[in-house]
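Colleague: I would like a close look at just one part of this protein. Please pick a spot, and tell me how it is built and what surrounds it.

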Amino acid sequence: MLSDMLSYLLARETEMEQTLITLMQAESPSTDKSLVDQCGQVLQAEFTRLVGGSVTRISQTHTGDCYRCTYGEGDEQILIIGHFDTVWDQGALSIEKRDGILYGPGAFDMKGGLTVALYAIHALAANHVTGNRKVVFLATSDEEIGSHASRELIEAEAKKSVCVLVPESSIPPNGDIKTARKGIADFTITVKGIPSHAGHDPRAGANAIEELALQIADLRQLTDIDAGISVNVGLISGGTRVNVKAEHAQAGVDLRFMTKEQGEAVAHKIMNRTPYIAGTTITVTGGINRYPLERTAQGVDLFVQLQSIAHAHGYEVNEGLSGGGSDGNFTAALGIPTVDGLGPVGDGAHARNEHVVVANLPYRAALLADFLRTNIHR
Ligand SMILES: [Zn+2]
């Protein structure tokens, strides 16, 4: 027999698709506050329509306002976090459905996941499922640009929670759930040299570009694929003329790592550079942005519960590691049991082929709903 939650939600696939399209139509590039605010209002209206509950709007100065949506009562809470900003500029892509797959900006990262969360809580409300813990759905607006404005809010809410569920994009192609995520650090390396004419006296001056090139060669040595550490120099600039020894050169560096200790050790090496070329100086700014979501027994316990619910719903779900970060990294780093990647089956986050499998929406919502149903009782 199908779970009540699953049969209830399977009957609402079209409705879920419509909610997802409505969220996608409210384009929300992180850096455009007024657009992100409009999307936030759509999300808030959907929560009120589908759940009722109570909604608090949390004003932000430069990024979109955030929303804290609550269902049920209780001293303890289960937290769901999701961001409604996207990496896509206004008018970036059209929304299109082909063979049961919905393509478009934000479908997978993570408006599909927001839709899943909305309908999971809706299924509880519509079926009068309550317990002695409340469900808090915290919707934020700046994840794609590092969550600088919402991080404090996320952490404060996580500290009050027994666990955190993150309906971020799942692992393609089968919708694996994320029990681990790598940590992320970013750095800017600035080299200052001494300009001089390249021809008059080749010994004079100090070329910042040459120094930076030597540093980059060093940075390559820090990558250790087997250990899960990768260093990428993704940006470079410098120099003024081909016949001038460069006074300035700069590089942008991205570091991914598996454990806090690794991250801190490699970040320390990146921060402390010694120049090879006399007359050059090196300044490094930046640091760790997100600590990893390390695979812990607590997180795996949440996954095992989800796995058995999926099994009861008639399918299998696996766990996996993501090389990308999310706001789940923040909550996990606080020691709060966190499970991530609960969004629908799909692919193409930040890519032109971004999409979700529409028929999977009710399954993911029912997975979350049955998890909540079990866990809102202490
Ligand atoms: Zn995301």
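Modeller: Let's start with His350, which is partly exposed, with a relative accessible area of 44% (buried means under 20%, exposed over 50%, and partly exposed in between, using a 1.4 Å probe and protein chains only). Please keep in mind that this is a predicted model, in which local features need pLDDT of at least 70 and side-chain atom pairs count only at pLDDT 80 or more, while totals for chains, interfaces and linings use all residues. Residues are numbered from 1 along each chain as its sequence is written, and side-chain values use heavy atoms, with hydrogens and water left out.

You will find His350 in the loop between β15 (346-347) and β16 (355-357) (helices, H or I with at least four residues, and strands, E with at least two, are DSSP runs numbered from the N terminus). His350 is not a glycine, yet its phi is positive, at about 65°. Most residues other than glycine have a negative phi. His128 is another non-glycine residue with a positive value, its phi being near 55°. His128 belongs to the loop between α4 and β6 and is exposed, with a relative accessible area of 68%.

The largest pocket holds about 460 Å³ of space (on a 1 Å grid over the protein atoms alone, a pocket is an open set of points with protein on both sides within 12 Å along at least five of seven lines, and lining residues have an atom within 4 Å of a point; points are joined across faces, edges and corners, and volume is the space filled by probe spheres set on them). The pocket is lined by 22 residues, and those closest to its centre are Glu143, Glu144, Ile184, Gly325 and His350.

Where does the largest pocket lie? Both domain 1 (4-181 + 292-375) and domain 2 (183-290) give residues to its lining, so the pocket lies between them (the bounds come from an automatic or database domain assignment). At least two lining residues come from each of β8 (177-181), β9 (183-192), β11 (248-257) and β12 (281-290). Sorted by class, the lining has three nonpolar, nine polar and ten charged residues (Ala, Val, Leu, Ile, Met, Phe, Trp, Tyr, Cys and Pro count as nonpolar, Asp, Glu, Lys and Arg as charged, and the others, Gly among them, as polar).

Strand β12 contains Ile288, which is partly exposed at 24% relative accessible area. Ile288 and Asp186 are 102 residues apart in sequence, yet their C-alpha atoms are 6.5 Å apart in space. On the way to β8, Pro173 sits in the loop between β7 (161-165) and β8. A cis peptide bond, with omega about -5°, joins Pro172 to Pro173. Asp109 and Met110 are also joined by a cis peptide bond, again with omega about -5°, and Met110 is part of helix α4 (residues 107-126).

The whole structure has one cavity of 30 Å³ or more (a set of points where a 1.4 Å probe fits but cannot get out). About 40 Å³ of space lies in the largest cavity, and its lining consists of Met24, Glu27, Ser28, Thr86, Trp88, Asp89, Pro105 and Lys111. These divide into three nonpolar, two polar and three charged residues.
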